[in-house]
Amino acid sequence: MTIRRLCLGTSTFAAGRQHPDKDSAPGIAAFADALRAGVRMVHSAPKYGTQPAARQAWEAAGCPTDVMHLIKVELAVDVSMAQTKTAISDVLESSARNLRADRLHALVVGVDLRRTADRARLVDYGALTAFYERCAETANACGLVDYTFGYAHSPGQLTAALATDAIAGAAAQYNSTEAWPAVFLDRIAASGRPFIAIAPLRRGRLVDHDATDAHSRLRALRWVLGHPAVTAAALTVSSRAHLAEALDAAQHPLTVQQVRDDLRYWLAAPVAHGNRPI
Ligand SMILES: NC(=O)c1ccc[n+]([C@@H]2O[C@H](COP(=O)([O-])OP(=O)(O)OC[C@H]3O[C@@H](n4cnc5c(N)ncnc54)[C@H](OP(=O)(O)O)[C@@H]3O)[C@@H](O)[C@H]2O)c1
């Protein structure tokens, strides 16, 4: 069922850190509708300030017990083991509390680019591998979460995350202008790991506002879901109208052939890929 391949992003669907004055009611209504329609994956973080709104939506939808919560945390590559433990348990404990969740599915750990003081470590494969290993072992040992996934900002980070056995899945921004994770997708699928495609519409920039029908308007989402190695696409919607279009688009992904043809074109492009959509 392709609706299960949608993951609800929570950064901006309701009032929170990014949009403190936003009217939360339409986003909460859309979130509850999504759960009623069968969406079962939610990506959130305490620092977005929207987990209480996500809980409100979950309660409005009748408290379904099988929601899989992915919890994001970003840490500097060079933080100590003690800081890693504290940061991970703080994020998981507050998420469980905010979401009223008995069980959290996965911690999605990524590198905090700004807070990594030793910049050389951001491109040091050994340091990155050790970082993912340390985070995964800490999270897996704390008993609050089932899995640890590695979030990657770059191919080097994804390579390091996948080299770590304790990392059970991968996540990265993946859309038709940030298509680099495609190079890894077959490998990720072959290793039996899930891949979460973050921001399939590139924060709304890939919505085709000139299109006259929803399938064309959200072609970018259909493109992301057209790749069989994409387990789920983490999308934000703040209204029932946007949700209805997303549910429809998710049930009509592009064909694998269309996606692979587009990717061949992307890989062969003679210029920097920049912001040019496929
Ligand atoms: N480093 C990380 O881990 C990281 C980075 C970025 C994002 N994320 C996660 O990924 C989630 C999704 O990312 P995102 O919000 O940046 O990008 P996105 O889901 O690709 O795009 C969201 C934007 O698309 C708009 N949209 C959705 N459906 C639409 C429709 N039918 N018509 C017109 N516009 C539509 C939304 O508008 P409305 O809100 O008005 O509906 C919103 O502005 C976030 O919530 C967050 O959980 C994680």
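How many residues of the shell around the ligand are nonpolar, how many polar and how many charged? The answer comes under the second heading.

## The barrel

This is a predicted model. Eight strands form a closed barrel, in the order E1-E2-E3-E4-E5-E6-E7-E8. Their pairing is parallel. On average, neighbouring strands of this sheet are turned by 25° against each other, direction ignored.

Strand E4 covers residues 104–111, and strand E5 covers residues 145–152. The two run parallel and are joined by five bridges. Valine 108 has its bridge partner in E5: phenylalanine 149.

## Around the ligand

The shell around the ligand holds eleven nonpolar residues, twelve polar ones and five charged ones. Of the 28 residues around the ligand, five come nearest: Gly9, Leu201, Gly204, Thr236 and Ser238.

Which helix and which strand each supply at least two residues of this shell? They are helix H9 (240–250) and strand E8 (232–235). H9 gives the largest share, three residues.

## Helix H2

Helix H2 spans residues 51–60. Its buried residues are Gln51, Ala53, Ala54, Ala57 and Trp58. Why do they lie on the same side of H2? Because they cover an arc of only 155° around the axis.

What do these buried residues pack against? Their partners are helix H1 (25–37), strand E2 (41–44) and helix H3 (81–99). E2 is also one of the strands of the barrel.

Just after H2 comes glycine 62, with a positive phi of about 90°.

Definitions and conventions: Residues are numbered from 1 along each chain as its sequence is written. This is a predicted model: local features need pLDDT of at least 70, side-chain atom pairs count only at pLDDT 80 or more; totals for chains, interfaces and linings use all residues. A residue is near a molecule or strand if its C-beta atom, placed from the backbone, lies within 6 Å of it. Helices (H or I, at least four residues) and strands (E, at least two) are DSSP runs, numbered from the N terminus. Ala, Val, Leu, Ile, Met, Phe, Trp, Tyr, Cys and Pro count as nonpolar, Asp, Glu, Lys and Arg as charged, and the others, Gly among them, as polar. A residue is buried if 20 or more other C-beta atoms lie within 10 Å of its own, exposed if 12 or fewer, and partly exposed in between; C-beta atoms are placed from the backbone. The arc is that of the directions from the helix axis to the C-beta atoms. Two residues are in contact if their C-beta atoms, placed from the backbone, lie within 7 Å. Two strands pair if DSSP finds at least two bridges between them. Axes are lines fitted to C-alpha atoms, for helices over the stretch in contact, and angles run from 0 to 180 degrees between N-to-C directions.
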